Amino acid sequence: MEEPKTPETTRARPWLVIVLLALVVALAVALALTWRDYAPLRAAETATAEAEEAAIAAVLAMTTYDHRTVEEDFTWVEDAGTVKFRDYFEGTADNAIDYIKTIQARATGEVIDSAAAYEDADHVRVLLHVDQEILSRDEETPRVDQPRVTMHMKKVDGVWLVDQVQVNNVLTN
């Protein structure tokens, strides 16, 4: 049998609804503030991942070449480098191409590991650990070089490009 409603039980329900409604509003505000604060973190993670992917592709192109096609192999700079980097590379490429042709070198790069550091929305620094197998005419078996490459990536017109490269060779430094 149902208990008769008293004035106390009737008055308690509106307060319960108000408390529950206030709780829902507070949770919605907290969720909105959290979502807003999380957006820059998501943008930084996306930028870092995209820049790291572009850096890996660039370092593979940089460390993979054949003396018979080296001029073509070095054209990666046109698509993957900023104007600043292309100008720098143009100044050093001729000597490298001549040397590669002289020793009849072939090389294949492989990225062993990489790590990216977010600087801002348009700049990410990527450290790449590379194993590069190199064979020249004077060698019977390839040797493995293990450069550690730091690529400073810059976002230009929505595309991540190489802006600066530093190479530290573990075996010779």
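Biologist: How do the residues of the lining of the second largest pocket divide into nonpolar, polar and charged?

Modeller: This is a predicted model, and in it the second largest pocket has a volume of about 190 Å³. Glu-71, Arg-86, Asp-87 and Glu-90 are among the residues that line this pocket, as are Phe-74 and Val-77. By class, the lining of the second largest pocket comprises five nonpolar residues, one polar residue and six charged residues.

Biologist: Which element supplies the largest share of the lining of the second largest pocket?

Modeller: Among the residues lining the second largest pocket are Phe-89, Ala-93, Asp-94 and Ile-97. Two or more residues of this lining come from each of α3 (76–80) and α4. The largest share, seven residues, belongs to α4.

Biologist: What is the volume of the largest pocket, and which residues are the closest to its centre?

Modeller: The volume of the largest pocket is about 690 Å³. Its lining consists of 24 residues, and the closest to the centre are Met-62, Tyr-65, Phe-74, Ala-96 and Val-167.

Biologist: From which element does the largest share of the lining of the largest pocket come, and how do its residues divide by class?

Modeller: At least two lining residues are supplied by each of α1 (7–63), α4 (83–102), β3 (123–135), β4 (143–145), β5 (147–156) and β6 (159–169). The largest share, eight residues, comes from α4. The division by class is 18 nonpolar, four polar and two charged residues.

Biologist: Which element gives the largest share of the largest nonpolar core?

Modeller: The largest nonpolar core has 31 residues, and those that touch the most other members are Phe-74, Trp-76, Leu-128, Val-149, Met-151, Met-153 and Val-162. Each of α1, α3, α4, β3, β5 and β6 supplies at least two residues of this core. The largest share, six residues, is that of α1.

Biologist: Which residues does Met-151 contact, leaving aside its neighbours within four places in sequence?

Modeller: Met-151 is one of the residues that touch the most other members of the largest nonpolar core. Its contacts, with those neighbours set aside, are Ala-55, Ala-58, Val-59, Met-62, Val-124, Arg-125, Val-126, Leu-128, Val-162, Gln-164 and Val-165.

Biologist: Is Gln-132 buried or exposed, and which backbone oxygen lies 2.9 Å from a polar atom of its side chain?

Modeller: Gln-132 is located in strand β3. Its relative accessible area is 7%, which is under 20%, so Gln-132 is buried. Beyond four places in sequence, its contacts include Thr-63, Tyr-65, Ala-107, Gly-109 and Arg-143. The oxygen 2.9 Å from a polar atom of the Gln-132 side chain is the backbone oxygen of Thr-63.

Biologist: What separates the C-alpha atoms of Gly-109 and Thr-63?

Modeller: Gly-109 belongs to strand β2 (residues 106–120) and counts as buried at 11% relative accessibility. Not counting residues up to four places away in sequence, Gly-109 touches Leu-60, Thr-63, Thr-64, Val-130, Asp-131 and Gln-132. Although Gly-109 and Thr-63 are 46 residues apart along the chain, their C-alpha atoms are separated by 4.8 Å.

Biologist: Where does Asp-157 lie, and is Asp-157 buried or exposed?

Modeller: Asp-157 is not a glycine, although its phi is positive, at about 50°. Its place is in the loop between β5 and β6. The relative accessible area of Asp-157 is 79%, over 50%, so the residue is exposed.

Biologist: Where does Gln-104 lie, and what is its relative accessibility?

Modeller: Gln-104, a residue other than glycine, has a positive phi near 50°. The residue is in the loop between α4 and β2. Gln-104 counts as partly exposed, at a relative accessibility of 36%.

Biologist: In what order do the elements of the protein chain run from the N terminus on?

Modeller: The protein chain contains four helices and six strands. Of its 173 residues, 29% count as buried. From the N terminus on, the order is α-β-α-α-α-β-β-β-β-β.

Key. Residues numbered from 1 in each chain as written. Predicted model: local features only at pLDDT ≥ 70, side-chain atom pairs only at ≥ 80, totals over all residues. Heavy atoms only, no water. 1 Å grid on protein atoms, 1.4 Å probe; cavity = no way out; pocket = protein on both sides within 12 Å on 5 of 7 lines; lining within 4 Å. Points joined across faces, edges and corners; volume = space filled by probe spheres on them. Nonpolar A, V, L, I, M, F, W, Y, C, P; charged D, E, K, R; others polar. Buried < 20%, exposed > 50% of the residue type's maximum accessible area, 1.4 Å probe, protein only. Polar contact = N/O pair within 3.5 Å; in protein donor to acceptor, adjacent residues only side chain to side chain. Contact = heavy atoms within 4.5 Å. Core = buried A, V, L, I, M, F, W, Y, C linked by side-chain atoms within 4.5 Å.
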